[in-house]
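We will go from stop to stop, and at each one you will be told what to select and what to look for.

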Amino acid sequence: MHSSRHRLNFEEHRILFDPIQNPRRGISIFMGILLAITAWGGFCYILQWRYGLGASGLNQPVLWGFYITNFVFFIGISHAGTLISAILRMAKAEWRRPITRMAEVITVAVLYIGAANIIFDLGRPERAFFLFLYGRYQSPLLWDASSITAYLTASSVFLYLPLIPDIAILRDRFADRKWLHRFYQVFSFGWDGSPRQQKVLNIGITIMSVVVIPIAVSVHTVISYIFSMTLQPMWHSTIFGPYFVCGAIFSGIAALIVMMVVLRKIYHLEPYLKPIHFNYLGILLLVMSLLWFYFTFSEYLTGFFGHEPTEMRVFWSKVTGTYAPYFWTMVFFNFVVPVLILSFRRMRTIGGVLVASISVLAGMWLERFTIIVPTLANPRLPFPSGIYFPTWIEWGLMLGSFSFFVFLYLLFSRFFPIISIWEIEEGREVGLEEVEERIRSYLPETAGTFNSREKERST
Amino acid sequence: MTNQCSWGEGKIFFWQVVVLVTFYVFIFGVVIWILRLIWLSWQLKDVFSGSIGISLVAIPLFLFLLGVYNYVFWGILLSRKRSGQGRKD
Amino acid sequence: MALWGMVIDLDKCTACQACLIACKSENNVPFVGKQQADRGRIISWLEIISETEGEYPEVRTRFIPRPCLHCDNPPCVKVCPVYATYRNPEGIVAQIWERCIGCRFCMAACPYAAKYFNWHQYRIPESMEKGFNPDVYVRRWGVVEKCTFCSHRLLRARDRAAAEKREMRADEYVPACVEVCPSKAMYFGDLNDPDSVVSVLGRSPRAFHLLEDLGTEPKVTYLMEGERHALL
Amino acid sequence: MRISRRHFLKMFMGAVAGLSAGCTDFEKISTGWRSSEKWGNPLEEWIPSICQQCIGGCGLLVRVIEGRAVKVVGNPLHPVNRGGICPKGLAGIQSLYDPDRIQTPLKRAGERGEGKWQPISWEEATAIVVERLRGLKEKRLTNSLVIIAGQFQDLREPLLHRFTDAYGTPNYIRNRCFTPNEVSKAHFLMQGVTSPLGYDLMNAGLILSFGCSLLEAWISPVFQLRTFGHIRQERPGNRGRIYVVDPRFSVSASKADQWIPIRPGTDAALALGMAYVIIQEGIYDRKFVERNTFGFEDWTDGEGKSHVGFKTLILNEYKPFTVSSITGVPVEDIFSLARAFVNRRPAIALGEKGLSYRPNDIYTRMAIHSLNGLSGSLGSKGCLTVQSDVPLTAWPGTEQEESVRFGNSQPRIDGAGQGKYVLATDAMENLPGNILAGRPYPVEVLFLFHTDPLFSHPKRDTFIKAFEKIPFIVSFSPFLDETSHHADLILPDHTFLERWQGSPVRHSSGFSLFSLGRPAVEPVHSTRDSADFLIEVARRLGGGMAKAFPWKNSEDLLVQTTKGLYHSREGYVVSLPEEEAFRQFLEKAGYRIQETRSFEIFWDSLSAKGAWWSPAGSSAEVRKLIRTPSGKFEFYSNTLKNQMKRAADEVGGMERLLADLGLRARGDRLYLPHYDAVEAQQTAESIFTLNTYRLMSMSGVTAAQPWLQETLAPHVAESWENWVEINSERARNLGIRDGDRVWIESRKGKIRLKARILPTVAPSLVHIPFGQGHRAYGRWARGRGSNPNDVIMTLEDTLKGFGILSGTQVKITKA
């Protein structure tokens, strides 16, 4: 990465600089709309704050609803990012190069929103700082707090490190934009692409890729602990940790695909994001869908076969009772749709993968919902079981959460390239040779000799 | 430094250190928080061992993250100096 | 040190709900009004759980008054992130209302659904506030509340004993529900004293605990309906 | 040193704040607390009172802090409840502090029922009433004053009676279903007793209840609850058995050893079927039956005419298979019940339900009571008993002027005690029609006292029309209830926690008891004790009236009246059970300690402890229990025969009377317990028989108490409205799901209620609890659910003069 190439890059990767250089009006307006929806969410929250949590549809047995569902869902999506990009980096999957950045941004943006949803759910949000003053490490909620903090820190670092060379590129590119330039100056750490710098950065990225995977796994495991550490029917289950992690990766990939399709469209990233990427991600999604089904199946079969009455009350309320529509829609969205679409090469087109992903996102949200609500609605003791209907305030906050997430994402794309330029370059320069080298190393060394022996025999 | 929009080395370095210090403060804040939790559980005889167990993972992890950041930060800054002014424009 | 516990004899209980109202009156538990009640937000620290089995005419209904069971191994305490609920040395699972952040984790964790949440700031007409018990704090919005075994009465009894320069007797401390039970189906006392009524009744073959198999070790013991077995 | 409540709360909040600083054991909390405790303790006072939320007569202790009543608990010394109390009693505080209480006397400003009121002073109000009454007196129309009084038990009852008596009107009419201070009709007819009911339930081996909701809303609920606890697990010996015969699976039924569901109105058949088994198997108490009963065997009267005996009647007509087909109770249950009733003696059959079982249910009551005769449940421990009278000072006699005697000699406006209402003491059913028709004379002034007929009576519409005919209506209600809305003048009474109360409590047991309640708090509003008001009015009316009310006020009335207790040299002011046991021990040995040296000390002690009682009343011998002219327990009731003869003379012939009453039996059977077939019920997919019942925690009066509104019943989790209980299968057939709204329609009208689908409901019935559906009565009660009275067809239990609140055919459709 020598400075001579930078100039070349500017031209070649012009589309990547466009959102920063000449932001399109349409996108700005769209961001404005998103901000307005977010503000509406904020208004809903103010109402809830003034009126008490009673503004939501929560009630006595069903004391957690949309907010906790969203919390789990968003934290789940956060796995898109960091985990996928780390795993792909570790696996040296070359097709990762245009995807990693997008994935990592999702993680960071979504974590804030997940954490915010926990605040929405508090009866006394102004007392949230008690967690710091009087926190109690025995509570799984504190495990959550620390693991989410760790994950947020790690994934921010993980997002930041590969960003450094690109910031340097931007610094050079936007030398004429006063504050932008200074901003890039500070954050590029004086990157100039010297071999020593590259080595340091590569070590940093590699270490982070290793570290971030267990952290990510732990985060969602710990979130599942919120439920599985209680004694409630269909929560108190050992499978919950891996089940949640699997679901998280599943929904993460789906979110990533949706984001990729959207950005590809609005920022014209077709040269970078090719059908092959979607094809690969589609396969990954298919694998996760099967894995998810396996976990779901094990979870429910264990409950069903044991036939413990309290467990069964929840079970039947999901399978045939009040929550059956949600449950079966979830199965349809999470398993039937993606498997049907993604199993066939011909349907693994961008459109097909997008449909499957959207379906998975909806399905996974429903999954979180059907895990949380039916158990609460059917407590162990015969108790007037509750029905939960979210109020418009909850819907408002949910919409606000989603639009704020998209807003944050677009905001990021206004200041940083959404595809890692230097990694693409690196792929060109180093990757090709390296892959060839690597593939050669996979194969029997006698390949050449074998051929010559064949030749010899023929002669 | 031909560009008049640019800040001087010192100013840039100042802000970079500010960022770094913020990160330090954050990480040590977290560590102090965790220590506070342990202290509370000790005071209140509330599964002290468990808290220690969790913090045995958590504190080193945060310090490790700090270490990685620190390493990259100084690594990049210092190797630039050692390799001289890489940038020509 | 005493370990406070309760025994409820279901053979004597008549499901009259006096315990429930006594509790509301003693502890300034708000009534929530029709709209909130329809949404399932009634606060009632003590509740009569009823369960009906069978079809007409072969039916059977069981009534179980359920206060907080003050588990010795309380699932709610374990999950509280801010020490707002804790088991005190005398076995009372207590609650610090001004500490609670309202996350409702304890409610989700309690297998007995014994915890209640203040979904709003419940307001009652000013004239009715005169009926508030000044010994008990009036909870504000957004916090979880539950039965305290009327621990303010323990404080009162202990202070009275201290003022009279003597030890407090165990029978000086009785929660409001036990005090008013018309059929005398509820007993209260010190479980550490092997000769106390609750200890004696607790050894009855009729004795059982709610959801015993969860291992929460509740300090509220129930006596089954049916023939006499207990010594009392 | 006084300290305001605000400071008090602040201090406690300080204690809590101390708590949140991180300490976790109570030792630390209490240090914060102690400071406020020092101030707090002297402020607390416990004042004895009497609960008036129902007629149970429980003794209360009111915790008063700084003049505020903050808690009500049972008086631990009170013999009725011994510290126990029911939910209604506890909620009394909410009635005291109800924001919708009437605060001053109100005079109607607009049209009747328009709801426009003008506050006036007590002086003005008194003047208006006195002027009216004086006017009537001058016109010799004193009998056109009618007082309707509701269900309460207090010295105000005799006081009101005295008021009508001294004023000169026979029209003191009670609107109530329970008759605690009245003898039960069956006991009167068969035993000849004239004192109120008494059962030694505490010692009974078996209690067989025919529809009496023992554990919910019978005579003295808390006493019965206490009894329940006692016989189940407290007393040495056998655990008492309870069997409940009831069409509805009530709480009492679910706590009983067995529930015997029965077709409504056929209780008599079941009782007589049991009698068949008992007689047939020869397991009845032969000694008692031979010695102490009349009419068991066939007999011949003085004129040589032979009569059918109870035995013959039963053995001929009530074979178990017949009974089973009438009642729907399986034959084997009839056998096992009958055997248990005899084998588990002392056994008591309770047939004194508050509401009527069916038209002319006197025969049902007699049939049930005949079981007590068969098992010899009279005269020993655990059986029937009577309450002895409370030795209160007799009130000074009234010397009546001629005009007063004239007024008193007029027939009652409701016709009670005459003709077909021969056995009735009050005939509320007949009242509105008679007022409307001006028969036998128009009503000029109506006093409404602790009653709300426009809510509680099915004949609401007729009442409203009847009220239009009355020129002047005075309500004494502390609340603006439905009936007060139609009044011309409202003179708000104190609630029971604000006034002096004295009550010669009638409960279901044998001892005699007098409760005294002191005002727990100063009156919250400018209300006035109605007893004081009546005394004042009497004084102003002067003459015989003033002489009949010689007291200064209600406190004086109580002081004067309780002197009798002091001088009677029996009974005690209640005290700790240990003391009482010691006393009884001494008494048995023939000693009696005079506890108090002067009446003043006695009074102080009585008003501090809240009750006087004489436990001796509970030991009743056969001699005391059977007071018939024949001196025997009469299966064949001569008393009934005489009463019927008298009534027949009044209406002009026996056949006419029987036709009026709708009685099918003739001859001897008219005076024997028997069962008359009920009319065949309609059957259709959507037709049900409506059965109404009362809940423990909710009555029409307590509907204004939010705690109770949120705690309506233990068996369904409902609040703030009533509901209709429907059988699961029939609901399914009608497409009604749990929680759906349904219309309940009778020929009279229709109401909309929430349906609760319960497996416990008999397929042919629907159950609706009373107490909700107020159209007025303050913010907590108004518009909560619907009033079942709006669909109840007014059937009349003529002999008793009371409406029958169950049995209406209703159609149920999904709303």
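Predicted model: local features only at pLDDT ≥ 70, side-chain atom pairs only at ≥ 80, totals over all residues.

**Stop 1: a helix in chain C.** Begin by selecting residues 151-163 of chain C, which form helix α6. Now colour the helix by accessibility: the buried residues of α6(C) are C:S151, C:H152, C:R153, C:L154, C:L155, C:R156, C:A157, C:D159 and C:A161.

**Stop 2: just beyond that helix.** Select C:K165, which comes just after α6(C) and sits in the loop between α6 and α7 (176-180) of chain C. Is C:K165 buried or exposed? Its relative accessible area is 75%, and since a value over 50% counts as exposed, C:K165 is exposed. Its phi is near 55 degrees, which is a positive value in a residue other than glycine.

**Stop 3: a lysine in chain A.** Move to A:K92, in the loop between α4 (66-90) and α5 (100-121) of chain A. Here, too, phi is near 55 degrees and the residue is not glycine, while A:K92 is partly exposed, with a relative accessible area of 39%.

**Stop 4: two cis peptide bonds.** Return to chain C and select C:Y56 and C:P57, which are joined by a cis peptide bond with omega at about 0 degrees; C:P57 lies in the loop between β2 (47-55) and β3 (58-66) of chain C. Then select D:R439 and D:P440, where a cis peptide bond again has an omega of about 0 degrees, and note that D:P440 belongs to the loop between α17 (431-437) and β15 (445-449) of chain D.

**Stop 5: two helices that cross in chain D.** Finally, select α5 (residues 122-138) and α21 (residues 530-541) of chain D, whose axes come within 10 Å and cross at roughly 55 degrees. The two helices are therefore oblique to each other, and their crossing is right-handed. To see the contact, show the side chains of D:W122, D:E123, D:T126, D:A127, D:V129, D:V130, D:L133 and D:R134 on α5(D), together with D:F533, D:E536, D:V537, D:R540 and D:L541 on α21(D). Sorted by class, this contact has eight nonpolar, one polar and four charged residues.

Technical notes:
Residues numbered from 1 in each chain as written. Chains lettered and ligands numbered in written order. Heavy atoms only, no water. Helix = DSSP H or I, 4+ residues; strand = E, 2+ residues; numbered from the N terminus. Expected span 1.5 Å × (residues − 1). Buried < 20%, exposed > 50% of the residue type's maximum accessible area, 1.4 Å probe, protein only. Axes fitted to C-alpha atoms, helices over the stretch in contact; angles between N-to-C directions. Parallel < 35°, antiparallel > 145°, perpendicular 65-115°, else oblique. Left-handed = near helix turned anticlockwise from the far one by under 90°. Contact = heavy atoms within 4.5 Å. Nonpolar A, V, L, I, M, F, W, Y, C, P; charged D, E, K, R; others polar.
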